Amino acid sequence: MTVIRSRRSGLPRDDCPVVVTVGTFDGVHRGHWRVLEEVCERASARGGRSVLVTFDPHPLRVVRPEAAPPLLTTPDEKKAVLASSRLDYLVFLAFTPELREFSPRRFVDEVLVRRLGMSHLVIGYDHGFGRGRSGDVNTLRAIAAERGFQLDVVQAVQSGPAAVSSSSIRRALLEGRLADANRWLGRPYSLSGTVVRGDGRGQDLGFPTANLHVAGTDKLIPAQGIYACFATVPQGRFMGALHIGERPTFPDASASVEVHLLDFNADLCGQTIHVDMIEYLRPVVAFASAAALADQMRGDVAHTRKLLERRLFPVPVT
């Protein structure tokens, strides 16, 4: 997959068919994957190129900053998730005040047709685009008929009575419903950050933690709680117990995102950690003493180990 960050398309100019989809694709969830599968299938059948056009920053950061949602996937995370797809090109289009003013027809003509050479467009059922999101599926059907490209509309992936969506996943994460969010994403929700020096309270309690500075203020931090996770560090992948939120047992302590890695003992300060959140364990509560908190942490670690050992790669049966 080739990643393009430019006002110019960067796609080869030849007669190869170009099958495109476009959208924010925040989270790259199961509904998004269905659209991407359709794009790749259509491109493969026609001997063409498959292309996803997405935006950086999120359009609402420019259109209505006060309403812009926290991100499920940063641009780097989106690239990493999509690396396992069959896409030929991932195009990050800078969403600028100028682009915000494009009408639906101008966006199709200048960006999709002229820059990318699009011959086939695949979109989700609820796609909105152009100035004020004035364009929709019916708009695209009319433009496709005028411009002579093919249009396919992919229906929603359902989860019970509702469609899987980025907004429903954000809501689940902020409510502590990690199992729902992970099911709709089709993978564990993740956080990445640089380890910074903490106040050492975890070490004093017998459970040293790596304190994460989560890069970028736009990333969604899930609800306060203790979570079982897998953490990938330079030394490898380890089971972990993740704390998000306040530390009410110590009134002078600030909120934190910190992870205790099981069976690990090394200084990670300055290193980058990637955390895959697997299961919600319990809420954050105040304890009567540091000793009582340490007892609870022993239970959290034992619970984490029991949960995650079942998820490790199985040993082949010979």
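**Figure 1. Ser 166, Ser 168, Ile 169, Arg 170, Ala 172 and Leu 173 are the buried residues shown in helix 7.** Buried means under 20% relative accessible area, exposed means over 50% and partly exposed lies in between, with a 1.4 Å probe and protein chains only. The model is predicted, so local features need pLDDT of at least 70 and side-chain atom pairs count only at pLDDT 80 or more, whereas totals for chains, interfaces and linings use all residues. Residues are numbered from 1 along each chain as its sequence is written, and side-chain values use heavy atoms, with hydrogens and water left out. The cover over the buried residues of helix 7 includes helix 1 (30-45), strand 8 (162-163), helix 8 and strand 9. Helices (DSSP H or I, at least four residues) and strands (E, at least two) are numbered from the N terminus. Just beyond helix 7, Gly 176 has a positive phi of about 80°.

**Figure 2. Helix 7 (residues 166-174) and helix 8 (residues 178-185) cross at roughly 155°, and their axes come within 7 Å.** This angle makes helix 7 roughly antiparallel to helix 8. The crossing of the two helices is left-handed. Helix 7 contributes Ser 168, Ile 169, Ala 172 and Leu 173 to the contact, and helix 8 contributes Leu 178, Asp 180, Ala 181, Trp 184 and Leu 185. By class, these residues are seven nonpolar, one polar and one charged. Axes are lines fitted to C-alpha atoms, for helices over the stretch in contact, and angles run from 0 to 180 degrees between N-to-C directions. Angles under 35 degrees count as roughly parallel, over 145 as roughly antiparallel, 65 to 115 as roughly perpendicular and the rest as oblique. Contact means heavy atoms within 4.5 Å.

**Figure 3. Helix 5 (residues 104-115) packs with helix 6 at an angle of about 45°, and the axes are 10 Å apart.** Helix 5 is therefore oblique to helix 6. Their crossing is right-handed: a crossing is right-handed if the near helix is turned clockwise from the far one by less than a right angle, and left-handed if anticlockwise. From helix 5, Pro 104, Arg 105, Val 108 and Asp 109 meet Thr 139, Leu 140, Ala 142, Ile 143, Glu 146 and Arg 147 of helix 6. The contact divides into five nonpolar, one polar and four charged residues. Ala, Val, Leu, Ile, Met, Phe, Trp, Tyr, Cys and Pro count as nonpolar, Asp, Glu, Lys and Arg as charged, and the others, Gly among them, as polar.

**Figure 4. Tyr 189, Leu 242, Ile 273 and Met 277 touch the most other members of the largest nonpolar core, which has 32 residues.** Two or more residues of this core come from each of helix 7, helix 8, strand 9 (189-196), strand 10 (210-214), strand 11 (225-233), strand 12 (236-245), strand 13 (256-261) and strand 14 (272-282). A second, separate core has 30 residues, among them Val 22, Val 51, Val 91 and Met 118. A nonpolar core is a set of buried Ala, Val, Leu, Ile, Met, Phe, Trp, Tyr and Cys residues joined through side-chain atoms within 4.5 Å.

**Figure 5. Ile 273 is shown with its contacts, which include Leu 191, Val 195 and Leu 212.** Neighbours within four places in sequence are left aside.

**Figure 6. A cis peptide bond joins Asp 56 to Pro 57, with omega about 5°.** Pro 57 belongs to the loop between strand 3 (49-56) and helix 2 (59-63).

**Figure 7. Val 28 has a positive phi, near 45°, although the residue is not glycine.** Val 28 is placed in the loop between strand 2 (18-22) and helix 1. The relative accessibility of Val 28 is 0%, so Val 28 counts as buried.

**Figure 8. Arg 133, another residue other than glycine, has a positive phi near 50°.** The loop that holds Arg 133 runs between strand 5 (120-124) and helix 6 (137-147). Arg 133 counts as exposed because its relative accessibility is 56%.

**Figure 9. Gly 31 is a residue of helix 1.** Gly 31 has a relative accessible area of 14% and is therefore buried. The C-alpha atoms of Gly 31 and Gln 155 are separated by 8.5 Å, although these residues stand 124 residues apart along the chain. With neighbours within four places in sequence left aside, Gly 31 is in contact with Val 157 and Val 164.
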